Amino acid sequence: MNTILECEALSKKFSSLDALSNINLKLERGRIIGLLGPNGSGKTTLLKIINGLLVPSEGKIQIAGMEPGVETKKIVSYLPERTYLADWMKVSEIIDFFKDFYDDFDAKKAYDMLQRLQIDPSRKLKTLSKGTKEKVQLILVMSRKAELYCLDEPIGGVDPASRDYILNTIITNYNENATVLISTHLISEIENILDEVIFIKNGTVTLQSSVDDVRAKEGKSIDSLFREVFRC
């Protein structure tokens, strides 16, 4: 079974607002996929539905053949756009918490990445900068041996010097049967690591294609096509 995620006529409404409308997607295993769209396009809403934080208004979604719930949380590793970790905890305490909570969490890998980014695990989170907190959160997410990684703006709050390391962390810390779904507006920064792209606008998917097919058909980069489609 190569499909990790499938959406059929998926919609989400908030009062009179259609956050997502008739989304049909099928994501295969072993891919790094960019979920690309302007602010307010529905990217975060879709990621929250995948992670069981929101319930669809209509339609169907399955992860590895299961509806979002307790079992899918065991195989999905989620990086939200905002930091959710407790400020009073030390980084090492958060690692212990993740190790206890997730059977697939690799503490050794987490400490190795902390060392490479020169982050002291004995520091309390509240003493770290916003960018460093986001690095810690990404390290925690990528230290799981998940089947699907959902990353909401993983490089949005970090300095340019750290972006290459973070992107390398993403591509080297998931197995060949896992899929990484990255939501971002910094397309030029991540384009080179993507296998596939999804364009989403006003809650509707307007494009799903491999990066190679887009370049061959359009004769331009993903970033250039995005700017053309969304008039950035």
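Predicted model: local features only at pLDDT ≥ 70, side-chain atom pairs only at ≥ 80, totals over all residues.
Strands β8 and β9 form a hairpin with 2 residues between them. In the turn, N202 has a positive phi of about 50°. The two strands pair in the antiparallel sense, over 6 bridges. Within this pairing, F199 has L207 of β9 as its bridge partner.

The average pLDDT of the protein chain is 90. A score of at least 70 is reached by 99% of the residues. Confidence is highest in strand β4 (residues 58–63), at 96. Helix α6 has the lowest confidence, with a mean of 78.

L151 stands opposite I182 in β7.

The largest pocket holds about 600 Å³ of space. Its lining comprises 24 residues, and those closest to the pocket centre are K73, V76, F101, Y102 and R144. Three elements, α2 (70–73), β5 and α3 (91–101), each give two or more residues to this lining. The largest share, 4 residues, comes from α3. By class, the lining of the largest pocket divides into 16 nonpolar, 3 polar and 5 charged residues.

A run of residues contributes to its lining: P38, N39, G40, S41, G42, K43, T44 and T45 are among them. The lining also includes E81, D152, E153 and S183. Helix α1 (residues 43–50) gives the most, with 3 residues. In this lining, 1 residue is nonpolar, 7 are polar and 4 are charged.

The structure holds 2 cavities of 30 Å³ or more. The largest cavity contains about 70 Å³ of space. Its lining is formed by L79, P80, E81, R82, T83, E134, Q137, D152, E153 and P154. By class, 3 of these residues are nonpolar, 2 are polar and 5 are charged. E81, D152 and E153 line this cavity and also line the second largest pocket.

The second largest cavity has a volume of about 30 Å³. L117, K135, L138, I139, Y165, I166 and T169 line this cavity. Helices α5 (130–142) and α6 (160–172) are the elements that give two or more residues to the lining. The lining has 5 nonpolar, 1 polar and 1 charged residues. Helix α6, a contributor to this cavity, is also where confidence is lowest.

Key
Residues numbered from 1 in each chain as written. Heavy atoms only, no water. Pairing = 2+ DSSP bridges. 1 Å grid on protein atoms, 1.4 Å probe; cavity = no way out; pocket = protein on both sides within 12 Å on 5 of 7 lines; lining within 4 Å. Points joined across faces, edges and corners; volume = space filled by probe spheres on them. Nonpolar A, V, L, I, M, F, W, Y, C, P; charged D, E, K, R; others polar. pLDDT = per-residue confidence, 0-100.
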